[in-house]
Amino acid sequence: MSGEQDQREHLRIEASFRVRSTALDPEGAAGDNVSNGGIFIKSTRFLPLNAVIALSIEVPEKGIAIPAVCRVAFIRDAKQAAASGKPAGMGFELLDIADDKRPLLEGLLRERRAAVPAPVAAPAATPPRSDPSNAQSDALRVIVVDDDAGFRERAAAPFRKRGDSVHTTADGLEALSLCLKEPPDVILSDVQMPRMDGWQLLRLVRARPTLSSVPVIFLTSLSGEAERLLGYRLGIDAYIPKPYDPDELLVRVHQIVRRAQNARRSPSVRSTLRGEIEHVGLPALLSFIEMERKTGTLLIVGDDIARLFFSNGSLFSAVIEGDKSSLSAKAAVLLALDYQTGQFEFASSDVVRQDELRTTVTSLLLEHARLADEKKRT
């Protein structure tokens, strides 16, 4: 890979871009439902891998624009495009899109796909699994671990229906044995189980080089933030609370597997900590980052898009994108702490910014709690 590509992988930027809908490649999207992964934009100019941007897809013939928050998930440069016979461009993982805009984008993809002429030549060989733009067409190897037979079958059913290879087991010990025989694409596990519980399974999977990159998802009713943070600390990829909708489970798992495939394609991308604000509140998350003395950027996609910057666990700067970008660093932190829903992602990286806060995370949390208490009284 070229030096230019290496440089792209290490940069992290924030920006807003507008693209014409004609740049959408319908064959690069993972199905008509954009929840299944993302979108592919044809381009000969590239952004850094993992860059998070605000994207506006303009549809001039309809007089509309579809806004979305996206992350650059993979890049197909000119050389890779020539080898694959597919257009050069970027695959974007959709982080956030308004509910009323999602059907518009899905409809646009369907229209673009219908306009693509049917191939007249013999079909090409099945693309390798490593190309994330084709992840939906490949059968996944799924291991479902749960000592409750009802939940076990409920989790396995949508994957079997889809044509995936599914193995089920009642405890972590047998699941580990299955993993060692043939590494799966994803492990769906309960936490509380006999012989070997989910925590032990997660530790052992992460400790083995052949399994360390396999996504592990806890299907659980755990509600304690301390337990959830322990999971993130050990390397869990996601929590999906019970009970869950099987179709939603399928979509979430596909997104996580796709993200893991992208990460394996870009080994220089540093490890991240991702999750849902509903599962781990931001006050607990900030305390965790401070306690672990982490250095990097915490991206929060909630009511707004916020970035918090840490060095050795100390929070020293923060920004809110958009019309609230003029807020002070302190005001940005206090506003972000109000978010009750959304996603967070902490990426370890060297951060060079001025210390605008000059205080501790604990002091900021205490002030936020005081302000929240005052609001309740008024």
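Glu367 and Arg370 sit 3 residues apart in helix H11 (residues 361-377), a spacing of about one turn of the helix. The two residues form a salt bridge in which the closest N and O atoms are 3.7 Å apart. The model is a predicted one, and the distances and angles in this report are computed from it.

Arg370 also forms a salt bridge with Glu374, with 2.9 Å between the closest N and O atoms. Glu374 and Arg370 are 4 residues apart in helix H11, again about one helical turn. Arg370 is partly exposed, at 42% relative accessibility, and Glu374 is partly exposed as well, with a relative accessible area of 36%. A network of salt bridges links Lys330, Glu367, Arg370 and Glu374.

## A salt bridge at strand E13

Over the whole structure, the search finds 15 salt bridges. One of them joins Arg307 and Glu321, whose closest N and O atoms are 2.1 Å apart. Arg307 belongs to strand E13, while Glu321 lies in the loop between strand E14 (314-320) and helix H10 (329-336), so the pair ties together parts that are 14 residues apart in sequence.

Arg307 has a relative accessibility of 7%. The cut-off for buried is under 20% relative accessible area, and Arg307 therefore counts as buried. As a general point, side chains of opposite charge can pair when their charged atoms come close.

## Aromatic pairs

The search of the whole structure gives 3 aromatic pairs. One of these is formed by Trp199 and Phe218, which are edge-to-face, with 5.5 Å from centre to centre and 90 degrees between the planes. Trp199 is in helix H6 (residues 198-207) and Phe218 is in strand E9 (residues 216-220), so this contact ties together parts of the chain 19 residues apart in sequence. Trp199 and Phe218 are both buried. Together with Tyr239, Trp199 and Phe218 make up one aromatic cluster.

Phe310 and Phe346 form another pair, with ring centres 6.1 Å apart. Planes over 60 degrees apart count as edge-to-face; those of Phe310 and Phe346 stand at 70 degrees, so the pair is edge-to-face. The pair links distant parts of the chain, since Phe310 is in strand E13 (residues 305-311) and Phe346 is in strand E15 (residues 343-348), 36 residues apart. Both Phe310 and Phe346 are buried.

## The parallel sheet

Five strands form an open sheet: its 5 strands run in the order E7-E6-E8-E9-E10, with parallel pairing. E7 and strand E10 (238-241) are at the edges and have a single partner strand each, so one side of each is left without a neighbour in the sheet. From one strand to the next, the twist averages 20 degrees. In general, strands of a sheet pair through backbone hydrogen bonds, either parallel or antiparallel.

Within this sheet, strand E8 (residues 186-189) pairs with E9 in the parallel sense over 3 bridges. Leu188 stands opposite Ile217 in E9.

Asp164 is placed in the loop between helix H4 (149-162) and strand E7 (165-169). The relative accessible area of Asp164 is 8%, and the residue is buried. A polar atom of the Asp164 side chain lies 2.8 Å from the backbone nitrogen of Leu140.

Lys242 lies over the face of Phe151, at 4.3 Å from the ring centre. Pro246 is found in helix H8 (residues 246-265) and is partly exposed, with a relative accessible area of 22%. Pro246 and Ala155 are 91 residues apart in sequence, yet their C-alpha atoms are 6.5 Å apart in space.

How values were computed: Residues are numbered from 1 along each chain as its sequence is written. This is a predicted model: local features need pLDDT of at least 70, side-chain atom pairs count only at pLDDT 80 or more; totals for chains, interfaces and linings use all residues. Side-chain values use heavy atoms; hydrogens and water are left out. Rings of Phe, Tyr and Trp (its six-membered ring) pair if their centres lie within 6.5 Å; planes under 30 degrees apart count as stacked, over 60 as edge-to-face and the rest as tilted. Helices (H or I, at least four residues) and strands (E, at least two) are DSSP runs, numbered from the N terminus. Buried means under 20% relative accessible area, exposed over 50%, partly exposed in between (1.4 Å probe, protein chains only). A charge sits over a ring if NZ of Lys or CZ of Arg is within 6 Å of the ring centre and within 35 degrees of the ring normal. A polar contact is a pair of N or O atoms within 3.5 Å; within protein, one must be able to donate a hydrogen and the other to accept it, and residues adjacent in sequence count only if both atoms are side-chain atoms. A salt bridge is a side-chain nitrogen of Lys or Arg within 4 Å of a carboxyl oxygen of Asp or Glu. Two strands pair if DSSP finds at least two bridges between them. Axes are lines fitted to C-alpha atoms, for helices over the stretch in contact, and angles run from 0 to 180 degrees between N-to-C directions.
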